[in-house]
Amino acid sequence: MIDPILSLAFSIQSNRGVYALLLGSGVSRAAEIPTGWEITLDLVRKLARSCGEECEPAPERWFREKFGQSPDYSQVLDQLAKEPAERQQLLQPYIEADEQEREEGKKQPTTAHHAIAQLAAQGFVRVIITTNFDRLLESALNEAGVVPTVISSVDQAQGTRPLIHTKCCVFKVHGDYRDSRILNTPKELAEYPDEFNRLLDRIFDEFGLIVCGWSGDWDEALRNAISRAPSRRFTTFWTTLGKPRDHAQRLIDHRQAQVITIEDADAFFQAVLQHVESIEEFSKSHPLSTEAAVASLKRYLPEPRHQLRLGGLIDETVKSVQKETSGQDFDVSSPYPNKESFTSRIRAYDTACSTLIAMAIIGGNWAEQEHINPWQKALQRLYTVPRVGGKEIWLKMRHYPCALFLYALGLGAVEAARLAFLGKVFSTRVLFETRERLPVIQLLAPYRLINGGRLKNMLEGKEDHFLPLDEWMYDTLWQHFKREIPDKEQFTFNFVKFEMLMSLSSPHQPRPTWMAITNGTYMYRVETSWNVLQEIKQSISSLADESPFVIADIFGKTAEICMQRIADFEQNFSVRAEPDALFTWRTLEERARY
């Protein structure tokens, strides 16, 4: 069965501004705002105390016996405070938070209020009916940049603009707490003014309805307004914490409403907002825009309950890349490339991967251990390509998107020092052409995709570069990363650090001997390489097994093993422990033939 909240979100997104909200005290209860009746009873207690009498355990009965009638909000207020200013001061503590309450987060807009405000700000909700007389919703709307039209009295109802021309209308059918005409008693709630009824009739006839936090038990006039609505042009969604009571059930049956069982108003409206925004983003022109994808990713990463959505978003983006790179423009049977055709194809790959790269940067930067599975699956899916015949160079280049993805994800993790996550990424296994499952880092170093001979001069602007594709990827990724890291020197440091960690990790992985070495631009960015090595060695020397590099198990489980790996690395690559260390050209020439 489809989640009913998801069905509701589709209805809201596809019918912008068509659904009105009906909100009861359940929406403000989380803010610890008392209901009107609760305020009335508390005022009765204060009145009894001022008379020197005890009204408990039945304040309402005491009032009837004392004054010969049921307690009325306005009458009780009049007994305790004669002037409007006095009444305002009397009511203020019930509704407005004092300093301590603000520190405790009480009597402040709740998650539900803020989610509703966002729906209104984006135009998905235009009309809100509420039985609450606090101003939490107005506060949340103002924070979201929405100035609502508020109707809480007859004169305001008479002068209101047509709803279709109103960005957001808040209709407070029981009044506002700063107005002594607030409705509380059963008699007051039995019948609304004609002006209110006419407006309610229009809303219930012309709009769909989403009910939350309202039981329907006390508000006879509001029940009557819903019952007399002549048509049901749009679905009514009725939320409930349990089984609806009699009055609510009759209205549900009358409106043929869809009942949604919820935990509370906060969780409900937050879920609705997230679904609506995600559907809106995915409804934009395909492929998914980079901004929308990154926005969704940032929303899903911090919340464990969104892991399924996170995986779905990543998987959908990977599929989009695969679909886009499987067309005629990426035909592996194309003639052997020249500089123009090869550079053109690399650029086409870069464009096809732009959204995935942006997501990978954020994914690596925000990564926690629980996020590794969807990213590993994405690497595995992206590496897997159909087995077809064609030119070897074009066949190799089909793995270029996966290499870009690996580097973007890894560089994001390096920037945020997410070393444990990086270690897991490095150990991700993919199915190699020999049918072995090998760690991805042993297969995706760029020089393995383009190296030696004629291919060295295939990339425009990278002619005669020792590692042309590495440098191309450096430039490509810098264009993405400079939004996050405007300092190019810092980006270069991270790039070299990622390459060196990948090279240190490679011998640490199960491997055939010919894959033990991983080249990179660190070979000639010598000063940066030296600084990276000093950082790693200093961390391990001072922290030993508590070093983040050891804990991450990127290239060894103990400080001793890690230091030995570094010593082997320095020896193998002729790196001396000084900033001016250089690789010999002979070493470079020999390694270029791998």
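Thr521 is buried, with a relative accessible area of 0%; here, buried means under 20% relative accessible area, exposed over 50%, and partly exposed in between (1.4 Å probe, protein chains only). The structure is a predicted model, in which local features need pLDDT of at least 70 and side-chain atom pairs count only at pLDDT 80 or more, while totals for chains, interfaces and linings use all residues. Residues are numbered from 1 along each chain as its sequence is written, and side-chain values use heavy atoms, leaving out hydrogens and water.

Thr521 sits in the loop between helix H25 (488-505) and helix H26 (526-543). Helices (H or I, at least four residues) and strands (E, at least two) are DSSP runs, numbered from the N terminus. Beyond its neighbours within four places in sequence, Thr521 is in contact (heavy atoms within 4.5 Å) with Leu467, Asp470, Glu471, Phe495, Val496 and Glu499. With Glu499, the side chain of Thr521 also makes a polar contact of 2.7 Å. A polar contact is a pair of N or O atoms within 3.5 Å; within protein, one must be able to donate a hydrogen and the other to accept it, and residues adjacent in sequence count only if both atoms are side-chain atoms.

Turning to the strands, seven of them form an open sheet with parallel pairing, in the order S3-S4-S2-S1-S5-S6-S7. Two strands pair if DSSP finds at least two bridges between them. Strand S3 (149-151) and strand S7 (258-261) are the edges, each pairing on one side only. From one strand to the next, the twist averages 20°, with axes being lines fitted to C-alpha atoms, for helices over the stretch in contact, and angles running from 0 to 180 degrees between N-to-C directions. Strand S2 (residues 125-130) and strand S4 (residues 169-172) run parallel and are joined by four bridges; Ile129 has Phe171 in S4 as its bridge partner. Helix H12 (residues 194-206) packs on the sheet, where it touches strand S1 (19-23), S2, S3, S4 and strand S5 (208-212), and its direction makes about 125° with that of S4.

Helix H16 (residues 290-300) is mostly covered, with eight of its 11 residues buried. Among them are Ala292, Val294, Leu297 and Tyr300.

Finally, the cysteines: the count of disulfides (pairs of cysteine sulfur atoms within 2.5 Å) comes to zero. For Cys353, the nearest cysteine sulfur is that of Cys402, 9.5 Å away. Cys353 is buried at 1% relative accessibility, whereas Cys51 is partly exposed at 36% relative accessible area.
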